[in-house]
Every structure is written in structure tokens, then in C-alpha cells.
Amino acid sequence: RQASMQPAFPDLEGHHPCFSTTAEGHAKAARLHLPVSPACNIACAFCRRDFNRVEQRPGVAARLLKPGEAVAVVERALRLIPNLTVVGIAGPGDPLASDHAIDTFARIHARWPELTLCVSTNGLMLPARVDDLHAAGVTTLTVTVNAVDPAIQAAITPKLAWQRKRLDGLAATERLIANQLDGIARAAGLGLTIKINTVLIPTLNDHHIGAVAERVAAAGARMINVIPLIPEHQLAHLREPTFIERHKARAAAARHLKVFTHCQRCRADAAGVPGLTDYTRDLYGDDLVAE
Ligand code: CLF
Ligand code: SF4
């Protein structure tokens with residue numbers, strides 16, 4: 001593990017764990033994820049969403065929350081979790097595939113304007129929804145961009161839903177990449193701080209990470225987080241990238257962007273300092289267990 005010695009974002013260092021680049025800054029503040037987004041509008045080959053209490057990975061939550069319930073969870077979390085500064089929505093589906101996330105952010109922002117609001121999306125709906133995110137108080141944005149070449153992307157996200165139709169293959173991936181880059185540019189224009197998550201997938205995009213970083217940096221992203229694949233679903237036959245492969249991919253990305261190295265591949269209902277404290281069970285208690 002290597003963290004850069006300089007804060008990439010002085011205003012967020014020690015305040016937002018996923019936009020802090022020093023070990024001290026990363027360990028200071030807590031984030032709360034609200035699992036309010038049920039559906040997804042694209043189909044990543046590695047994604048297996050599930051509801052359970054044990055798996056530590058993205059796409060998993062104990063249960064969904066309704067936007068109204070989410071406010072009560074934030075109230076409880078602010079009493080329970082020391083130095084809770086960031087409230088994020090990262091699933092279990094895509095936060096922009098339904099209105100639940102933006103509705104939730106608007107309620108939280110009205111009540112606690114001092115909280116930093118953070119969202120993680122696949123970017124398909126970003127051009128259409130970024131103004132709403134901004135109006136709801138969201139200031140930090142993560143877009144998952146796994147390829148900027150439609151042919152490479154077709155093996156990673158082979159189909160998606162766009163304007164009530166299904167798109168497959170290159171028609172799908174050209175649309176996705178165009179929307180991601182357009183959405184990043186619009187978000188940058190609104191002053192959001194933008195990080196890119198890129199899932200490093202051996203044999204599919206491992207030689208393509210520098211190209212991803214170059215394109216998203218040109219669009220306005222400020223940092224990249226190269227996340228090792230968790231082999232699941234249609235990519236269960238692949239393996240996690242090795243240490244050397246991860247190092248090479250991060251070095252290729254670092255030519256264009258700051259690199260975030262502390263990612264914990266969080267659940268959609270994670271609560272606490274990533275990798276250090278976990279309040280999810282205390283927070284939900286017996287009244288909010290999986291249905
Ligand atoms: Fe959550 Fe993501 Fe915001 Fe952080 S997580 S929505 S940017 S507040 Fe962070 Fe977790 Fe890695 Fe995500 S460690 S999986 S990068
Ligand atoms: Fe799963 Fe996220 Fe891909 Fe949707 S965008 S299929 S939730 S990994």
C-alpha cells in the first residue's frame with residue numbers, strides 16, 4: 001500500500017475518507033452509505049447484487065431503505081458514529097436509475113446542510129441527472145468507468161437499458177461511454193469533485209487503464225481508484241489481479257490522475273471509517289434486519 005504524501009484535495013483531507021490521500025487523512029472521518037437505490041440500468045458481467053448481512057463487497061446490503069426511512073437512519077448514525085462527515089449512496093443498484101437517491105439527498109441536505117453528500121454511479125444517467133444531484137447538495141461524485149473503448153467495454157457491460165429500450169454490444173457501450181464522459185464534464189462544470197472507479201479485470205481491461213485515466217482526466221475527473229475485480233457472476237472464471245498487475249495499472253493511471261489506494265470495496269450499507277470501524281449492525285439493530 002502506498003499513499004501519496006500530499007493531500008490531493010486539501011479541503012476534503014481528513015473530512016472525506018475516499019477523497020483523502022494520506023494514511024492519517026483516510027483514518028479520520030466516517031461515511032454512511034444509505035442503501036436506497038433498488039434497480040440498475042446496466043448489466044455488468046461481474047455484478048451479483050444480494051441482500052445479506054455477511055458479504056463485504058459492493059452491491060450487497062442487509063435490506064433496502066425507503067427515502068423516508070433513510071432520514072431516521074442518518075439521525076441514529078449521527079448519534080452513534082464519531083466524526084460522521086459524509087453520507088453517500090452507492091447502491092445496491094445504480095443511484096441514478098431511480099429517483100430514490102436524489103429524493104434522499106434532498107431530504108438530508110435540507111436537514112443537515114453541513115454533511116458532505118457523495119454518490120457513486122455508473123454514469124449512464126449522469127448527463128440527465130447531474131443538475132438534480134447538484135441541487136440536492138451532492139458535492140463529491142464517483143463514476144465507475146471500466147473502459148473507454150466500446151469493444152473492450154462490450155465484454156464488461158454487454159447490455160443496458162436506455163430510454164425504455166434494451167441496447168446490446170457496441171450500441172450499448174458507445175452510449176454508456178459517451179454518457180459517462182459527457183456527465184463527468186457537466187459535473188466538473190458544476191464544481192463537483194470527481195473520482196473514477198475502475199474495476200481492474202485481468203485479460204479484459206488490464207492493458208487499458210492508462211487510456212481510461214487519460215480520457216476521464218480530459219473530461220474533468222480529478223482522481224482514480226483502481227479496484228481489483230472480485231470474480232463473481234459471469235466473470236467468476238477470472239481471478240483477482242495480482243499485486244504486480246495492480247501496481248502496473250495504478251502506475252499507468254498515475255500518469256494522468258491522482259490515485260486513491262485505500263478503497264475497501266464497501267457494502268451498500270457500510271457505516272464507519274472504511275476498513276477501520278463498522279457500525280452497520282449497531283445502526284440497524286433488530287428492527288432493520290434482512291427481510
Ligand atoms: Fe461511499 Fe464511494 Fe462516496 Fe466513499 S465508498 S459513495 S466515494 S463515501 Fe470509498 Fe468504499 Fe472504496 Fe467507494 S472506500 S468502495 S471508494
Ligand atoms: Fe452492478 Fe453497479 Fe454494474 Fe449496476 S452499475 S450492474 S449495480 S456493478
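Around ligand 1 there are 15 residues, and the closest are Cys 18, Gly 88, Cys 118, Cys 263 and Cys 266. A residue is counted here if its C-beta atom, placed from the backbone, lies within 6 Å of the molecule. The model is predicted, so local features need pLDDT of at least 70 and side-chain atom pairs count only at pLDDT 80 or more, while totals for chains, interfaces and linings use all residues. Residues are numbered from 1 along each chain as its sequence is written, and chains are lettered from A and ligands numbered from 1 in the order in which they are written.

The shell around ligand 1 holds 7 nonpolar, 6 polar and 2 charged residues. In this scheme Ala, Val, Leu, Ile, Met, Phe, Trp, Tyr, Cys and Pro are nonpolar, Asp, Glu, Lys and Arg are charged, and the others, Gly among them, are polar. At least two residues of that shell come from each of strand S1 (30-33), strand S5 (84-89) and strand S6 (116-121). Strands (E, at least two residues) and helices (H or I, at least four) are DSSP runs numbered from the N terminus.

Now to the sheets. One open sheet has 8 strands in the order S12-S11-S10-S7-S6-S5-S1-S13, with mixed pairing. Strands count as paired if DSSP finds at least two bridges between them. At the edges are strand S12 (258-259) and strand S13 (271-272), each pairing on one side only. The other open sheet described here has 3 strands, ordered S2-S8-S9, with antiparallel pairing. Strand S2 (42-43) and strand S9 (165-168) each have a single partner strand, so one side of each lacks a neighbour in the sheet.

Here are some of the strand pairs, side by side:

| Pair | Sense | Bridges | One bridge pair |
|---|---|---|---|
| S6 and S7 | parallel | 5 bridges | Thr 121 and Val 143 |
| S8 and S9 | antiparallel | 4 bridges | Ala 161 and Arg 166 |
| S2 and S8 | antiparallel | 2 bridges | Ala 43 and Lys 159 |

Lys 159 in turn stands opposite Asp 168 in S9. The hairpin of S8 and S9 has 2 residues between the strands, and Gln 163 there takes a positive phi near 50°.

Helix H6 (residues 169-189) packs against helix H7 (residues 209-219) at an angle of about 40°, with the axes 8 Å apart. That angle makes H6 oblique to H7, because angles under 35 degrees count as roughly parallel, over 145 as roughly antiparallel, 65 to 115 as roughly perpendicular and the rest as oblique. Axes are lines fitted to C-alpha atoms, for helices over the stretch in contact, and angles run from 0 to 180 degrees between N-to-C directions. Leu 181, Ile 184 and Ala 185 of H6 meet Arg 215, Val 216 and Ala 219 of H7, where contact needs C-beta atoms, placed from the backbone, within 7 Å. This contact has 5 nonpolar, no polar and 1 charged residues.

Finally, the record: UniProt (unreviewed entry) places "domain: Radical SAM core" at residues 26-262, and such annotations may be inferred rather than shown by experiment. Over residues 26-262 the chain is 37% helix and 22% strand, with its end C-alpha atoms 8 Å apart.

Definitions and conventions:
Contact = placed C-beta atoms within 7 Å.
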